[in-house]
Amino acid sequence: MNDNLSQSLEDYLEIIYNEINKNNAVKAIDISRQLNVSRASVTEALNKLAEKGYINYAKYGSVEITKKGTDKAKEIVLRHNELTSFFINMGIEAKEAEITACKIEHVISKEISDKILVFNKYCKDNPDFKKIFK
């Protein structure tokens, strides 16, 4: 079975993870509203995530994330947060940084992501460095 996730499925998993952490539960209708997609699209995506073992899902019930799903979601969220910080460190306005990070988080390589993590740590440890981007 192919466990690779499309960009779209990564977005679903990220929302599921964030909503469960925030509200202790998530329903398909919540995901539908956040992504502005039909309930049918959400059901299809949830079924795919369930088939791959990332979530447990029964139609009309709550969505539960598995350990595998949590681990993958944490990777996605970390990439997203590090990219957002990277752009903010370069002087990009927070909203634009957030939007751009969301687009890039799905296609960035692990090598580049790891280097961004190091860059962000350097910026945190050397706040004056960020002045060159202003």
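## Aromatic contacts

The model is predicted, and a search through the whole of it returns 2 aromatic pairs. In one of them, Phe-86 and Phe-119 have ring centres 5.3 Å apart and planes at 70°, and because planes over 60 degrees apart count as edge-to-face, the pair is assigned to that class. Phe-86 belongs to helix 4, which covers residues 67-89, while Phe-119 belongs to helix 6, which covers residues 110-125, so the contact ties together parts of the chain that are 33 residues apart in sequence. Phe-86 has a relative accessibility of 17% and counts as buried, and Phe-119, with a relative accessible area of 19%, is buried as well. Both assignments rest on a cut-off, since buried means under 20% relative accessible area.

Ring pairs also bring in Phe-87, so that Phe-86, Phe-87 and Phe-119 are linked into a cluster. A contact of another kind involves Tyr-54, whose ring has the charged end of Lys-68 sitting over it, at 4.7 Å from the ring centre.

## Salt bridges

Side chains of opposite charge can pair when their charged atoms come close. How many salt bridges does the count come to? The count comes to 7 salt bridges, and three of them are described here, beginning with the one between Glu-10 and Arg-79, in which the closest N and O atoms are 3.0 Å apart. This pair links distant parts of the chain, with Glu-10 in helix 1 and Arg-79 in helix 4, 69 residues apart. Glu-10 is buried, having a relative accessible area of 6%, and Arg-79 is buried too, at 14%.

The other two bridges described here each lie within a single helix. Lys-22 and Glu-19 form a salt bridge whose closest N and O atoms are 3.6 Å apart, and both residues lie in helix 1 at a separation of 3 residues, about one turn of the helix. Lys-121 counts as exposed at 52% relative accessibility, while Asp-125 is partly exposed, with a relative accessible area of 47%; the boundary for the exposed class is over 50%.

## Loop residues with positive phi

Most residues other than glycine have a negative phi, and most peptide bonds are trans. Against that background, Asn-24 has a positive phi, near 65°, and is found in the loop between helix 1 (7-23) and helix 2 (28-35). Asn-24 is exposed, with a relative accessibility of 69%.

Asn-36 likewise has a positive phi, near 55°, and lies in the loop between helix 2 and helix 3 (39-51). The relative accessible area of Asn-36 is 71%, which places this residue in the exposed class.

## Cysteines

How many disulfides does the structure hold? The structure holds 0 disulfides. Cys-102 counts as partly exposed, at 30% relative accessibility, whereas Cys-123 is buried, with a relative accessible area of 1%.

Technical notes:
Residues numbered from 1 in each chain as written. Predicted model: local features only at pLDDT ≥ 70, side-chain atom pairs only at ≥ 80, totals over all residues. Heavy atoms only, no water. Phe/Tyr/Trp six-rings, centres within 6.5 Å; stacked < 30°, edge-to-face > 60°. Helix = DSSP H or I, 4+ residues; strand = E, 2+ residues; numbered from the N terminus. Buried < 20%, exposed > 50% of the residue type's maximum accessible area, 1.4 Å probe, protein only. Lys NZ or Arg CZ within 6 Å of the ring centre and 35° of its normal. Salt bridge = Lys/Arg side-chain N within 4 Å of Asp/Glu carboxyl O. Disulfide = S-S within 2.5 Å.
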